Amino acid sequence: VLVSQPADANATTGDNVTFSVDANGTGPISYQWQKNGSNLDGSTASSLMLTAVDATDAGAYRVLVSSPFGSVTSRSATLSVGGPPVVTNHPADVNATVGTNVSFDVNATGNGPITYQWQRNGVDINGSTGTNLSLTNVQLADDNSTYQVVVTNPFGSLASNAATLTVGTAPVLVSQP
């Protein structure tokens, strides 16, 4: 009887990953780990450790548990191997006039799904979870604010470079020639 099943795992290239099961029954109990349905030579313990994984290790892992009284196969646990996202285009500094609209953009690549969370001065902006951040009707209170985005995927996250918003007023003629 399987008491615990192997769990899905996300790993970054170079990580070590361990799958394990816990089984009860009348012994002796033996184990045979499989990847994508094929036996893994020498993998006959209740846990399977994969060292320094790379993309070729990705797949479905399960174990066949046997005793003299029968056998049972665990659920398949999926191993996904990838890397954290990479920001390919960081937001750029913007100069704006009071009352105008501005936007910041980011581009990122990597294993999906990729999510985005924009921040102003290091604090999350509620509802700002796309590749673009649009600000309407900027004011002098917005001057010198920094905007960055935290980009996340199943293998990690990173923050983009911060972009500064500079807000000023248009020149006004106080006296005419």
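# A chat about loops and strands

Reader: Hi! Where is the place of Pro28?

Author: You'll find Pro28 in the loop between strand E4 (22-23) and strand E5 (30-35). Strands (E, at least two residues) and helices (H or I, at least four) are DSSP runs, numbered from the N terminus. A cis peptide bond joins Pro28 to Gly27, with omega about 5°.

Reader: Before we go on, what kind of model is this?

Author: This is a predicted model, in which local features need pLDDT of at least 70 and side-chain atom pairs count only at pLDDT 80 or more, while totals for chains, interfaces and linings use all residues. Residues are numbered from 1 along each chain as its sequence is written, and side-chain values use heavy atoms, with hydrogens and water left out.

Reader: Thanks! Which residues does the cis peptide bond with omega of about 0° join?

Author: That bond joins Gly112 and Pro113. Pro113 sits in the loop between strand E14 (107-109) and E15.

Reader: On to backbone angles. What is phi of Asn36?

Author: Phi of Asn36 is near 50°, which is a positive value in a residue other than glycine. Asn36 belongs to the loop between E5 and strand E6 (38-39). Asn121 also has a positive phi, about 50°, although Asn121 is not a glycine. Asn121 lies in the loop between E15 and E16.

Reader: And how accessible is Asn121?

Author: Asn121 is partly exposed, at 45% relative accessibility. For these words, buried means under 20% relative accessible area, exposed over 50% and partly exposed in between, using a 1.4 Å probe and protein chains only.

Reader: Nice. Is Ser74 buried or exposed?

Author: Ser74 is buried, because its relative accessible area is 6%. Its place is the loop between strand E9 (70-73) and strand E10 (77-82).

Reader: What does Ser74 touch?

Author: Leaving out residues up to four places away in sequence, Ser74 touches Leu2, Gln5, Pro6, Val21, Arg62 and Val63. A contact here means heavy atoms within 4.5 Å.

Reader: Let's compare another serine. Where is Ser128, and is Ser128 buried or exposed?

Author: Ser128 is in the loop between strand E16 (123-124) and strand E17 (132-135). Ser128 counts as buried because its relative accessibility is 13%. Beyond the residues up to four places away in sequence, Ser128 touches Tyr116, Gln117, Trp118 and Leu133.

Reader: What about Asn101, buried or exposed?

Author: Asn101 is exposed, with a relative accessible area of 56%. Asn101 is found in the loop between strand E12 (94-97) and strand E13 (102-105). Aside from neighbours within four places in sequence, Asn101 is in contact with Leu135, Thr136 and Asn137. A polar atom of the Asn101 side chain lies 2.9 Å from the backbone nitrogen of Asn137.

Reader: How far apart are the C-alpha atoms of Asn101 and Ser38?

Author: They are separated by 58 Å, and the two residues are 63 residues apart along the chain.

Reader: Now the salt bridges. How many are there?

Author: The count comes to two salt bridges, each being a side-chain nitrogen of Lys or Arg within 4 Å of a carboxyl oxygen of Asp or Glu. One pairs Asp8 with Arg75, with the closest N and O atoms 3.3 Å apart. This pair links distant parts of the chain, 67 residues apart: Asp8 is in the loop between strand E1 (2-4) and strand E2 (9-12), Arg75 in the loop between E9 and E10. Asp8 is partly exposed at 48%, and Arg75 is partly exposed at 37%.

Reader: Which residue does Asp142 form a salt bridge with?

Author: Asp142 pairs with Arg120, the closest N and O atoms being 3.5 Å apart. Asp142 lies in the loop between E17 and E18 and Arg120 in strand E15 (residues 115-120), so the pair ties together parts 22 residues apart in sequence. Asp142 counts as buried at 17% relative accessibility, while Arg120 is partly exposed at 30%.

Reader: Last topic: which residues form the covered face of strand E20?

Author: In strand E20 (residues 163-168), Ala163, Leu165 and Val167 form the covered face, and Thr164, Thr166 and Gly168 the uncovered one. E12 and E20 run parallel, joined by four bridges; two strands pair if DSSP finds at least two bridges between them. Strand E18 (residues 145-153) runs antiparallel to E20, with three bridges.

Terms used: A polar contact is a pair of N or O atoms within 3.5 Å; within protein, one must be able to donate a hydrogen and the other to accept it, and residues adjacent in sequence count only if both atoms are side-chain atoms.
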